[in-house]
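Colleague: I would like to go through this model and ask what each label rests on. Please set the values against the cut-offs as we go.

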Amino acid sequence: MDDTKQRIIDATMSLVRDKGYVATTTKDIARLAQVNESTIFRKFNSKKDIVLYAFQQEQWNPNITPDIFQNITWDLKTDLAMYMENYLERVTADFVKLSIGLRAPQIYAETAPLIMKIPEAFIKSLTNYLGQMYLRGKIPHTDFECMAMTIFSSTFGFAFLKASFGDKLSTVQQQDYIKNSVAIFVDGILNFE
């Protein structure tokens, strides 16, 4: 990829992250990328095309797939911490803000399926893991998808709140949050009736 095209992508995604999709104009993109506005349209058909192209790049997509949750030890505490850590390592404050910026009706139909792959990978992988833990006799039977949704929601919530408010809402740090959340989840899972 040529440098100009990458500058356009980076400028677009930075602006969408900071201002939102609708408020980001091609004039803004051109200014930040240090190109003429006409150059944008020689490289891409539209602002939407730039965003969709950017989602194929690792720096603009956290690449959450079931593969990142393969370091299983079959110890519930260790494995739940691994799920949360791997997610929070990839879903940065920048990505959270970017995904919020991409919820505009003008692009959401195209970006929603791309963004949705992230929770789908987490929930599907964790649901399968919990089912396997049950089959191994390590946890009682329950609605494993519901439990995976609860753990995902807690993990996403931490990422969202930290991205939105930093330490203004809570000074709890990521490792402490994971440790304490895992302890609560393990206790709840093992004592589920």
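Colleague: Which residues is leucine 80 in contact with, leaving aside its neighbours within four places in sequence?
Modeller: In this predicted model, leucine 80 is in contact with Leu126, Ile151, Val182, Phe185, Val186 and Ile189. Contact here requires heavy atoms within 4.5 Å.

Colleague: What makes the set around it a nonpolar core?
Modeller: The label goes to buried residues of the nonpolar kinds joined through side-chain atoms within 4.5 Å. The largest such core has 60 residues, and Leu80 is listed with Leu76, Tyr87, Leu126 and Leu130 as having the most contacts inside it. At least two residues each come from α1, α2 (26-33), α4 (47-54), α5 (76-90), α6, α7, α8 and α9 (174-190). Helix α7 gives the largest share, ten residues. In soluble globular proteins, nonpolar side chains tend to be buried together.

Colleague: Which residues of helix α6 are buried, and what do they pack against?
Modeller: Helix α6 covers residues 93-101, and its buried residues are Phe95, Val96, Leu98, Ser99 and Gly101. They pack against α1 (3-19), α7 (105-135) and α8 (144-165).

Colleague: Why is serine 14 called buried?
Modeller: Its relative accessible area is 17%, and buried means under 20%, so serine 14 is buried. Serine 14 sits in helix α1 and touches Leu32 and Trp60, not counting residues up to four places away in sequence.

Colleague: How do you know that the side chain of serine 14 has a polar contact with aspartate 10?
Modeller: A polar atom of that side chain lies 2.9 Å from the backbone oxygen of aspartate 10. The cut-off for a polar contact is 3.5 Å, and 2.9 Å is within it.

Colleague: Why is threonine 12 called buried?
Modeller: Threonine 12, found in helix α1, has 0% relative accessibility. The limit is under 20%, so threonine 12 counts as buried. Leaving aside neighbours within four places in sequence, threonine 12 is in contact with Thr24, Ile29, Ile50 and Val51.

Colleague: How many residues apart in sequence are threonine 12 and phenylalanine 152, and what is their C-alpha to C-alpha distance in space?
Modeller: They are 140 residues apart in sequence, and their C-alpha atoms are 29 Å apart.

Colleague: Why is glutamine 34 called exposed?
Modeller: Glutamine 34 has a relative accessible area of 67%. Exposed means over 50%, so the label holds for glutamine 34. The residue is in the loop between α2 and α3 (37-43).

Colleague: Why is tryptophan 74 called partly exposed?
Modeller: The value for tryptophan 74 is 24%.

Colleague: What is phi at glutamine 34 and at tryptophan 74?
Modeller: Phi of glutamine 34 is near 60°, and tryptophan 74 has a positive phi of about 65°. Most residues other than glycine have a negative phi.

Colleague: How many helices and strands does the protein chain have?
Modeller: There are nine helices and zero strands. Of the 193 residues, 44% are buried. Among contacts with a separation of 6 or more, 69% join residues 24 or more positions apart.

How values were computed
Residues are numbered from 1 along each chain as its sequence is written. This is a predicted model: local features need pLDDT of at least 70, side-chain atom pairs count only at pLDDT 80 or more; totals for chains, interfaces and linings use all residues. Side-chain values use heavy atoms; hydrogens and water are left out. Buried means under 20% relative accessible area, exposed over 50%, partly exposed in between (1.4 Å probe, protein chains only). Helices (H or I, at least four residues) and strands (E, at least two) are DSSP runs, numbered from the N terminus. A polar contact is a pair of N or O atoms within 3.5 Å; within protein, one must be able to donate a hydrogen and the other to accept it, and residues adjacent in sequence count only if both atoms are side-chain atoms.
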